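Here is a short briefing on one protein chain. Please keep the sequence and the model open while reading.

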Amino acid sequence: MREQELFGYEERPWIGPPSDHIVPALLPWAVPLGRAERAIVALRAVEVWPEAMTLVLGVYSRDAMEGGPPIAHRRVPDYRSLLVGVSFPDGSRASSESISVPTAGQPDEPVLRVQSGGGTQFHQEHRIFVWPLPSDGQMEIIVQWLERGIPETHNGFDGARIRAAANEAGELWPGLPRRPGNGVAMRQIAGSAGGFGPALRQLPQRTPRAAAPDE
């Protein structure tokens, strides 16, 4: 059910950017990440949340880009398409070649999730959500686009500087009440005419029906 009022920040930073509650700090880094004769992938900025970050990438081509967004999660990896990954100072990695599904509990591995992009035939902008923030040391952003002639290319960035920027992210609505049900969205239905008031409804689990002998 669509919520009519904003609840407090639930602090599940691996789910996605908390853009309803937080104004991120901005690192205006403009750096080419990969280049070929007729294509460029560039980092335009890094939005830093309290415990995660969003990489803002620009994809540029002198030839028209067709067939959907150049960066996308696929069930079967396409290693000739544009791939983006991160490597943290502790050696852990995440990339766009696999599908990252949001989980209720904290993941054991880093999360990289490609968000929707937009643009023209010759320029597309993508936001790449990454959790967690890197530790002190060098974090690498890795790109590869074999279809456009860009080999696997590594680019180093200061993890300590990214973590320090998180202190500048600001919460918009401090003190909002938390969502009931330990942060799990629950449906409220109106009471009957008898006047029991709002009630929480739990959907029953469906039990598989045994097949009849003639089925």
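Arg113 sits in strand β8, which covers residues 111-114. This is a predicted model, and Arg113 is buried in it without a salt bridge. The notes below begin with Arg113, then turn to the charged pairs, the surface and the chain as a whole.

**Arg113, a buried charge**
- Which side chain of opposite charge is nearest to Arg113? It is Glu109, and it is 13 Å away.
- Backbone oxygens do come close to the Arg113 side chain. The oxygen of Ile15 lies 2.6 Å from one of its polar atoms.
- The backbone oxygen of Trp14 is 3.5 Å from a polar atom of the Arg113 side chain.
- Leaving out residues up to four places away in sequence, Arg113 touches Trp14, Ile15 and Gly16 as well as His73.
- Its contacts also include Ser100, Val101 and Pro102, along with Arg127, Ile128 and Phe129.

- How many salt bridges does a search of the whole structure find? It finds five.
- Side chains of opposite charge can pair when their charged atoms come close.
- Arg127 pairs with Glu47, with the closest N and O atoms 3.0 Å apart.
- That pair links distant parts of the chain: Arg127 is in strand β10 and Glu47 in strand β4 (residues 39-48), 80 residues apart.
- Is Glu47 buried or exposed? Glu47 counts as buried because its relative accessible area is 14%, under the 20% limit.
- Arg127 is partly exposed, because its relative accessible area is 29%.
- Arg127 also meets Glu125 in a salt bridge, at 3.0 Å from N to O.
- Glu125 is partly exposed as well, with a relative accessible area of 23%.
- Arg44, Glu47, Glu125 and Arg127 are linked in a network of salt bridges.

**Glu10 and the β13-β14 loop**
- Glu10 lies in the segment before β1 (22-23).
- Glu10 forms a salt bridge with Arg179, and the closest N and O atoms are 3.9 Å apart.
- This pair, too, links distant parts of the chain: Arg179 is in the loop between β13 and β14, 169 residues from Glu10.
- The Glu10 side chain also has a polar atom 3.2 Å from the backbone nitrogen of Arg179.
- Arg178 is 168 residues from Glu10 in sequence, yet their C-alpha atoms are 7.1 Å apart.
- Glu10 counts as partly exposed because its relative accessibility is 24%.

**Surface patch**
- Which residues make a nonpolar surface patch of about 300 Å²? They are Val23, Leu172 and Trp173.
- Leu172 belongs to the loop between β13 (170-171) and β14 (188-189).
- Leu172 is partly exposed, at 40% relative accessibility.

**A cis peptide bond**
- Most peptide bonds are trans.
- The bond joining Trp131 and Pro132 is cis, with omega about 0°.
- Pro132 falls in the loop between β10 (123-131) and β11 (138-145).

**The chain as a whole**
- The chain has one helix and 15 strands.
- It has 215 residues, and 36% of them count as buried.
- Among contacts between residues at least 6 apart in sequence, 59% join residues at least 24 apart.
- The accessible surface comes to about 13300 Å², and 51% of that belongs to carbon and sulfur atoms.

Technical notes. Residues numbered from 1 in each chain as written. Predicted model: local features only at pLDDT ≥ 70, side-chain atom pairs only at ≥ 80, totals over all residues. Heavy atoms only, no water. Helix = DSSP H or I, 4+ residues; strand = E, 2+ residues; numbered from the N terminus. Buried < 20%, exposed > 50% of the residue type's maximum accessible area, 1.4 Å probe, protein only. Lys, Arg positive; Asp, Glu negative; His and termini not counted. Salt bridge = Lys/Arg side-chain N within 4 Å of Asp/Glu carboxyl O. Polar contact = N/O pair within 3.5 Å; in protein donor to acceptor, adjacent residues only side chain to side chain. Contact = heavy atoms within 4.5 Å. Patch = residues over 30% accessible without salt bridge, like charges linked within 9 Å, V, L, I, M, F, W, Y side chains within 5 Å. Areas by Shrake-Rupley, 256 points an atom, 1.4 Å probe, with all protein chains shown as cover.
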